[in-house]
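User: Hello! I am new to this structure and would like to learn how to read its features. Could you show it to me and walk me through a few?

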Amino acid sequence: MERRLFIKNTALAGGMMAMSPILSNLNSFGENDFPLMDLHVHLTNNFNIKDVLSIAKKTKVQFGIMVNPGYGVNDDASLLNFVDYLRPYPVYIGLQPMSPGWSKDFTSKSLSQVDYILMDSQTVPNGNGYGETLRIWNFDTYVDDPDKFMEIYMAHNLEVLNNSEPLTIFGWPLFLPVCIARDYYSLWTKERMQQIISAAKKRNLAIEINDMSHTPHEAFINMAKEQGLKFTFGSDTRDQKAGRLDYCKYIAKKCNLKRDDFFFPKRIIKKS
Ligand SMILES: [Zn+2]
């Protein structure tokens, strides 16, 4: 899918909502005792904060709104604008950088204003024998040699995970380009999964269970859970699909995840 621009007009289109000043540390847990949070939602010109809040009201899902550096947020000033705009609303605020090296454009002071930073490994430089930068969410991602791709992809995953830049959540874990996705269970060997879990564990990163891609799968979640990693639910949506979380809820139930298995942003937000 395409990563859309966060357009300033979104702020205007959203309008201001009257908030009741009730302080509450989230959270709707539902019958299975895991938090109904979708920490990975983007705003667009056609999907604004009002739309998100209306879904939240209907579903009791707690949302986190993300923005990608380079797409409307390029420096401290634009990041703080984004934060200031969302602060009055009962949502978390997250940053989703796409490539290592991103943090040089921001001070740690401005980065401390967001609730979490999520990064995935979907932008793979030199990802095939043609020297192309692969954006593996695109269905036409070209993989010439699956084994070679996996080597490059693993190295890129580890680069994202081991990076010294700030990071809270590892997004889209284990996602594969569509042309090799049918081989998911053989390509994701136990050894490769363990490398990813160990790297995430070393930095105490949370693992996103991604609703759009249906990743990661049960075996990975169980391995990560046994080793004490926390999880988040994320849809990476920018439309009415936000907060559905059907895959997340299904697999969390199957893996018996409970509230202690989840990452919660620290900030106490005002709930309407
Ligand atoms: Zn995203």
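Predicted model: local features only at pLDDT ≥ 70, side-chain atom pairs only at ≥ 80, totals over all residues.

User: Which atoms coordinate the zinc ion, and at what distances?

Analyst: The donors are His40 (NE2), His42 (NE2), Gln96 (OE1) and Asp236 (OD), and they sit at 2.1 to 2.5 Å.

User: Why is the arrangement of the four donor atoms irregular?

Analyst: Look at the angles. Four donors count as tetrahedral if all angles lie between 85 and 135 degrees. Around this zinc ion the angles run from 86 to 177°, so the arrangement is irregular.

User: Are His42 and Asp236 buried or exposed?

Analyst: Here we use relative accessibility, where buried means under 20%. His42 has 4%, so His42 counts as buried. Asp236 has 1%, so Asp236 is buried too.

User: Now a helix, please. Which residues of α9 are buried?

Analyst: Start with the general idea. An α-helix has 3.6 residues a turn, so residues three or four places apart point the same way. In α9, the buried residues are Tyr247, Cys248, Ile251 and Ala252. They cover an arc of only 120° around the axis, so they are on the same side of α9.

User: What is exposed on the other side of α9, and what covers the buried residues?

Analyst: Asp246 and Lys253 are exposed on the other side. The cover over the buried residues of α9 includes β9, α8 and β10.

User: Where is phi positive in a residue other than glycine?

Analyst: One case is Leu245, with phi near 60°. Leu245 is in the loop between β10 (231–234) and α9 (246–254). With 0% relative accessibility, Leu245 counts as buried. Another case is Asn126, with phi near 50°, in the loop between β6 (123–124) and β7 (134–135).

Technical notes
Residues numbered from 1 in each chain as written. Heavy atoms only, no water. Helix = DSSP H or I, 4+ residues; strand = E, 2+ residues; numbered from the N terminus. Buried < 20%, exposed > 50% of the residue type's maximum accessible area, 1.4 Å probe, protein only. Donors = N, O, S within 2.8 Å, 3.2 Å for Na, K, Ca; no water. Tetrahedral: all angles 85-135°; square planar, octahedral: opposite > 155°, others 65-115°. Arc of directions from axis to C-beta. Contact = heavy atoms within 4.5 Å.
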